[in-house]
Amino acid sequence: MTEIGITSVELRRTPKKRELSSIGKPFGSVSYALSEDGELKVNGSSIFKGMYLDGVYAPFNDEWFLTGDIAYTDEKGYYYLKGRIGDCVISPDGENLNPDEAEKLLNIEYARRFCVLGMGEKGSEELCLIIEPSVNLTGAHIKKMMYGLYNGIAALPPAYKIKKIYFADGAISSELDIKVSRAALKRKIASGELKLKDAAEYLKAADKKTEGELTDELTKRVIEIIARVVGKDASQIGKDDHFVFEIGGNSLQYLTLIDNLEKEFS
């Protein structure tokens, strides 16, 4: 973090131990501690001394800098991050829930990306699932997705049961993001930039599309991608043309095509 610099590194030589995803032990110049709610706090000589706010210097006089990370430590003093404190959901019974715990247990077929977050009033938030579906899904696809999803949710620990499922009408995060930012996603929903449909509404809309319409639409989009990869006009490519023998694509273009199809359709 800008305010503290690099304060720990996982240095154990054994790959098996490095794969435990520890952030290591604090350097000798700093100390780590955990607050009552599990937030990692840092103090030491490398911590920033202050900042300029609108041209006015504001010294940092606190003993500990709060990182905003939820962490825990093992018996050997190695620290591990569980998530961001801002992502925590306070359930109606007052329990702090980390949505990452539910997310990592879900595997959603036909979803491009998904995110579990808290929605509702602070202190009585409900865990909700936001899904960015792959494009051109039929009603059959959606039903298969929902069947698998309900089974996945049923297997979650009781405290982490998903209360509502929504489908987004656009991207819930950038293609370049390693992880969906819950704060950014909430802002997009609140501003109306991203519209949500509940699962029943989305399934009803998907059922209205016929398989034939979807097939034609999908074929057209795939041909457009092939044309872009091989540098031809889409009108020059027939839907039954062989990529190598009739379209003239080579092995490198084939790999590019696969990459493009993966990005487009997940």
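How far is the sulfur of Cys-115 from the closest cysteine sulfur, and in which residue does that sulfur sit? The first close-up has the answer. This is a predicted model, where local features need pLDDT of at least 70 and side-chain atom pairs count only at pLDDT 80 or more, while totals for chains, interfaces and linings use all residues. Residues are numbered from 1 along each chain as its sequence is written, and side-chain values use heavy atoms, with hydrogens and water left out.

**View 1. Cys-115 and Cys-128 sit too far from each other for a bond.** The closest cysteine sulfur to that of Cys-115 is in Cys-128, 11 Å away. A disulfide is a covalent bond between the sulfur atoms of two cysteines; here a pair counts if the sulfur atoms are within 2.5 Å. The structure holds zero of them. Cys-115 is buried, at 0% relative accessible area, and Cys-128 is buried too, at 2%. (Buried means under 20% relative accessible area, exposed over 50%, and partly exposed in between, with a 1.4 Å probe and protein chains only.)

**View 2. Glu-132 reaches over to Ile-172.** Glu-132 is part of strand S12, residues 126–133. (Strands, E, of at least two residues and helices, H or I, of at least four are DSSP runs, numbered from the N terminus.) With 5% relative accessibility, Glu-132 is buried. Its side chain comes to 3.0 Å from the backbone nitrogen of Ile-172. Beyond its neighbours within four places in sequence, Glu-132 has contacts (heavy atoms within 4.5 Å) that include Ala-111, Arg-113, Gly-170 and Ser-173.

**View 3. Arg-182 joins a network of salt bridges with Asp-100, Glu-103 and Lys-179.** A salt bridge puts a side-chain nitrogen of Lys or Arg within 4 Å of a carboxyl oxygen of Asp or Glu; the structure holds 12. Arg-182 meets Asp-100 at 2.8 Å, N to O. Arg-182 lies in helix H4 (residues 182–191) and Asp-100 in helix H2 (residues 99–103), so this pair ties together parts that are 82 residues apart in sequence. Arg-182 also meets Glu-103, at 3.0 Å, N to O. Both Glu-103 and Arg-182 are buried.

**View 4. Glu-101 and Lys-104 meet in a salt bridge.** The N to O distance is 3.3 Å. Glu-101 is partly exposed, at 25% relative accessibility, whereas Lys-104 is exposed, at 60%.

Definitions and conventions:
A polar contact is a pair of N or O atoms within 3.5 Å; within protein, one must be able to donate a hydrogen and the other to accept it, and residues adjacent in sequence count only if both atoms are side-chain atoms.
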